[in-house]
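Trainee: Could we look at how charged side chains pair up in a protein? I would like to go through it step by step.

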Amino acid sequence: MASIFIHNLEVPTSIGITEEERSSVQTLKVSIDIETDLSAVCKSDDVQDTIDYAAVAESVKALGGTERNTIEKFAEDTAQMVLKDFQPDRVIVTVCKFILPDTEGVSVTIMRP
């Protein structure tokens with residue numbers, strides 16, 4: 001087994017518990033660990049034999065177009081989309097939001113088979 005890892009993808013979105021917080025776009029940082037068998041692409045060197053990480057990134061950015069209350073929901077929606085559309089063995093999604101003062105951020109990590 002191997003992983004394709006997207007580090008800190010910047011995703012603009014409207015997210016937050018209050019209407020005031022959701023009224024302005026915030027940038028989340030999303031990291032995605034896509035566990036899959038890479039043996040075919042390692043032999044063929046053909047992008048058709050792997051998960052297209054650029055397509056994953058664009059799909060995650062598209063999820064940012066929908067308003068949500070929590071980063072937990074954004075992480076779950078991202079994990080479910082990756083599983084459905086790209087069919088890895090497992091996905092781990094970490095979503096970081098920059099909202100609390102005196103912190104570098106607050107993050108949630110979700111693992112789905």
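Mentor: Here are some questions and answers about salt bridges in this predicted model.

Trainee: How many salt bridges does the structure hold?

Mentor: Side chains of opposite charge can pair when their charged atoms come close. For this structure, the number of salt bridges is eight.

Trainee: Is Asp 77 buried, or is it exposed?

Mentor: The cut-off for buried is under 20% relative accessible area. Asp 77 has a value of 17%, so this residue counts as buried.

Trainee: Which residue forms a salt bridge with Asp 77 at 2.7 Å, and which at 2.9 Å?

Mentor: Let's take the two distances in turn. With the closest N and O atoms 2.7 Å apart, the partner of Asp 77 is Arg 68, which is buried as well. At 2.9 Å, the partner is Lys 73.

Trainee: Where do Lys 73 and Asp 77 lie?

Mentor: These two residues are four apart, about one turn of the helix. Lys 73 is partly exposed, because its relative accessibility is 43%. The element that holds both Lys 73 and Asp 77 is helix α4.

Trainee: Which parts does the pair of Glu 76 and Arg 112 tie together?

Mentor: The side chains of Glu 76 and Arg 112 meet in a salt bridge, 2.6 Å from N to O. Glu 76 is partly exposed at 21% relative accessibility, and Arg 112 is partly exposed at 27%. The two parts are 36 residues apart in sequence, and they are helix α4 and strand β4.

Trainee: Which residues do salt bridges with shared partners join into one network?

Mentor: Asp 77 pairs with Arg 68 and also with Lys 73. The network therefore consists of Arg 68, Lys 73 and Asp 77.

Conventions
Residues are numbered from 1 along each chain as its sequence is written. This is a predicted model: local features need pLDDT of at least 70, side-chain atom pairs count only at pLDDT 80 or more; totals for chains, interfaces and linings use all residues. Side-chain values use heavy atoms; hydrogens and water are left out. A salt bridge is a side-chain nitrogen of Lys or Arg within 4 Å of a carboxyl oxygen of Asp or Glu. Buried means under 20% relative accessible area, exposed over 50%, partly exposed in between (1.4 Å probe, protein chains only).
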